[in-house]
There are 2 protein chains.
Amino acid sequence: MTHAAQLPAVLNRIDADLDASLARLFTLLRMPSISTDPAYKGDCADAASLLTADLMSMGFDASVRPTPGHPMVVAHSQAKGGTDEDGPHLLFYGHYDVQPVDPLTLWDRPPFDPAVETRSDGSKLIRARGAVDDKGQLMTFLEACRAWKAETGTLPCRVSILLEGEEESGSPSLVPFMQANAEELKADFALICDTGMWDKNTPAMSTMLRGLMGDEVTIEAADRDLHSGMFGGLARNPIHVLSKIIASFHDEDGRVTLPGFYDGVPELSADIARQWAALGFDAGTFLGDVGLSVPAGESGRTPLEALWARPTLELNGIAGGYAGAGFKTVLPGQATAKISCRLVGDQDPHAIRKALRARITELLPADCTATFHEHGSSKACVMDVTAPEFEAARVALTEEWGNEAAFVGCGGSIPIAGHFQTILGMESMLIGFGLEDDRMHSPNEKYEMSSFHKGTRSWARILAALA
Amino acid sequence: MTHAAQLPAVLNRIDADLDASLARLFTLLRMPSISTDPAYKGDCADAASLLTADLMSMGFDASVRPTPGHPMVVAHSQAKGGTDEDGPHLLFYGHYDVQPVDPLTLWDRPPFDPAVETRSDGSKLIRARGAVDDKGQLMTFLEACRAWKAETGTLPCRVSILLEGEEESGSPSLVPFMQANAEELKADFALICDTGMWDKNTPAMSTMLRGLMGDEVTIEAADRDLHSGMFGGLARNPIHVLSKIIASFHDEDGRVTLPGFYDGVPELSADIARQWAALGFDAGTFLGDVGLSVPAGESGRTPLEALWARPTLELNGIAGGYAGAGFKTVLPGQATAKISCRLVGDQDPHAIRKALRARITELLPADCTATFHEHGSSKACVMDVTAPEFEAARVALTEEWGNEAAFVGCGGSIPIAGHFQTILGMESMLIGFGLEDDRMHSPNEKYEMSSFHKGTRSWARILAALA
């Protein structure tokens, strides 16, 4: 019997099993696995143990793997070299840790006491810390595997699973763990369930993630703050200097003026441009939601292109002199700015950092020095969607949701996808079912019941499609 | 007997009485009259009472005058309309309140336990909070009056005295008090002893004080802080906007570009320019002391001219986005700057505020708003030094110190001099004996014994010269 022939029964089993699936998710949601707070170290370990036991109960070869921080969960649907499943080898990634919950007073219910809420239109949602980020999402994949196993005794593809417990606290153990276990974790494709849908009814795969280069500059003139009456007119003001430098970063068309900045920035393919145009992105609504109306930035680009496929140089912070209440006639000794670039295509964060610092240094007047502080760098991550598996997964998503799934971009950075490319040499399919209003990282986090249910069904279909 | 003939005996008496003068100063210095801290309200009142009693003991008609804050001390050497003294009517101004003393740990001795310290070269200094600012300075005048009274039974001029107790906390009661008592306080000239010498051996009268216009602008774009990954490339960044605006304030020659900014700015008279050139100001040393070497600001002006006789536009503070430790990829919703102009000649602070706000508004791109907050304004204060009394006082100072006294400028603002001009219609002679290294407002404040002793002798000479 083909996987396609088995699929309807698997989907029916997911439907029938929904209450039990929810119960399992709720057990996980009740664990306060806040990775950044040492007080919850034991709860993180408990969550890892629970998931490991659950995977073992499904027949996975699963284990808790210690790290210097919180443990990883690693599971394999068959022993290395086994041949039970014919399809490609897939590595699924999710994370069991969650964000802190403060301020607790803004929650309508205890964050670790999950509940299903029903709206007046009959739609339901799951309310809890971690509902969308990422416990609800990772459980969609586990429940899909469970249904396949229960219905057919096996999986359509060979599946490995990597669940992290430090994603919300900077993933300090992730890269060393991947490097130390590269042979074990390497697969044909990675599946990452930590992103969102295009909208409530339209699924999406994120295939372009912008990279990030962060830098900080402090410009110093006098060796102390001066009195503007005594020195004003003779002493260099570093806020002026910094402002002039910042003003030089963009031209009249909003293009970044650093030499070589656009090296490696590709033009959008006609194919992707067509797909994005079909999404009907409404920049007016997008901006209107935050009190804006006119797209700023590089001229001559569509709004989605600007957000997903074009690089930026932004000021993330600036400080100098006296900025408290009232007024001080201080002529400051220094001024600081935090600067970041979102990167696309093949842009080199190190070359861009160098160009940025060269520009700043070049514009420094007499008596000023600039000191720099690096705040990380990652290249953009662009998936090779020409592999037929990407199209197969896209079609499976489209069939489940009844709306054309899109290969979308993502303005932010998801470092794990880059690590999978560079350390394990595999492309990632970023498929998730979060919505913009899910209050990720905020009080009253939720996950749509439709995301959980149809997300599980989506993975069941994708496993069949990739087989 | 003429005043000139009486002067040597008066000066001898000052010399002979120095220890007793110091003892009286120390009694005043022991009072912790910190005006800004309500805990010291009683100490401020005590200082006012002490000074009033002392002035009464010299024969002044003196009284403590309540205000909504700390009291004023007002004293007159004779009743209104009296004719005991023939010279011009002089109003002396000083203040008996002091700055807070924290951090206490940086003081080498208790700040309100004054002491005389002797250097290895034999020179002495008085160490205490208030030693130079302004108890030591105001006592030079009182001791000069005491010597004249003791030696001759009268004063060469009619003298009124106004001692304030709120100078270090913004002088909230001063203007209303002057307005309410204008008739009583009005004199021919004001004498203000709250400034410094040119150097340790060269006395000075400050005759040009720059004015001040303070303003604050907040530029808002989005109605909240945004994620730079999600919005970067499409949303307006107010730090960019603010930087571009700031960069527009000056041209390549360091001149302020606001329309009409230089209206009312006079060129320096040849006379004053000659006097200032003779001071031999060393910009290299002045800037070198704070880690700078090259004069910044308006080109084509001498350093002293830039500091004393040219207007400035300075940024005193800037803030926007995340400026703490580490990095946040925030695209801020707003950015703020505090801006001040030092004004000279007849520049109108209100017109300049208007021009500044017009420039900012004009450069705002779509979706941005600017809100403004006013932080005070005062015109420059330029004394009419053509009155012969100014030259007479200058000659008296020169005779006491053996070095040519100079009419100097002052980059900062001393509001009281402006109030005397506008409310009481009189010019001020700003004569003080502070030195740059007196640590005014800082731990280990001091006053040179030579400043106290020769300062007292200077006033004795000036009273004779003005008679």
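Predicted model: local features only at pLDDT ≥ 70, side-chain atom pairs only at ≥ 80, totals over all residues.
## Relation of the two chains

Chain A can be superposed on chain B with an RMSD of 0.1 Å, by a turn of 180° and a shift of 0.1 Å along the axis. This is the relation of a two-fold axis. The same surface serves both copies, since 100% of the contact residues of chain A recur in chain B.

## The contact between the chains

Chain A gives 65 residues to the contact, and chain B gives 65 residues. On the side of chain A that touches chain B, the elements giving two or more residues include the helices H7 (228–231), H10 (283–288) and H11 (303–308) of chain A. Strands E10 (226–227), E12 (330–331) and E13 (334–343) of chain A are also among them. The largest share of this side, 9 residues, comes from E11(A).

## A covered helix in chain B

Helix H8 of chain B, residues 238–247, is mostly covered, with 8 of its 10 residues buried. The buried residues are B:Pro238, B:Ile239, B:His240, B:Val241, B:Leu242, B:Ser243, B:Ile245 and B:Ile246.

## The nonpolar core

In soluble globular proteins, nonpolar side chains tend to be buried together. The largest nonpolar core in this model has 277 residues. Among the residues with the most contacts inside this core are A:Leu191, A:Ala460, B:Ala235 and B:Ala460.

Leaving aside neighbours within four places in sequence, B:Ala460 is in contact with B:Leu7, B:Val10, B:Leu11, B:Ile14, B:Ala144, B:Ala147 and B:Trp148.

## Two pairs of packed helices

Two packed helices are described by the angle between their axes and the distance between the axes. In chain A, helix H1 (residues 3–16) and helix H15 (residues 449–466) pack at an angle of about 165°, with their axes 10 Å apart. H1(A) is therefore roughly antiparallel to H15(A), and their crossing is right-handed. Residues of H1(A) such as A:Leu7, A:Val10 and A:Ile14 are among those that meet a set in H15(A) including A:Arg457, A:Ala460 and A:Ala464.

In chain B, the axes of helix H2 (residues 18–29) and helix H4 (residues 135–152) come within 10 Å and cross at roughly 140°. This angle makes H2(B) oblique to H4(B). The contact is made by B:Ser21, B:Arg24, B:Leu25, B:Leu28 and B:Leu29 of H2(B) with B:Lys135, B:Gly136, B:Met139 and B:Glu143 of H4(B). The crossing of H2(B) and H4(B) is right-handed.

Key. Residues numbered from 1 in each chain as written. Chains lettered and ligands numbered in written order. Least-squares fit on C-alpha atoms with pLDDT ≥ 70 in both. Contact = placed C-beta atoms within 7 Å. Buried ≥ 20, exposed ≤ 12 C-beta atoms within 10 Å, placed from the backbone. Helix = DSSP H or I, 4+ residues; strand = E, 2+ residues; numbered from the N terminus. Core = buried A, V, L, I, M, F, W, Y, C linked by C-beta atoms within 7 Å. Axes fitted to C-alpha atoms, helices over the stretch in contact; angles between N-to-C directions. Parallel < 35°, antiparallel > 145°, perpendicular 65-115°, else oblique. Left-handed = near helix turned anticlockwise from the far one by under 90°.
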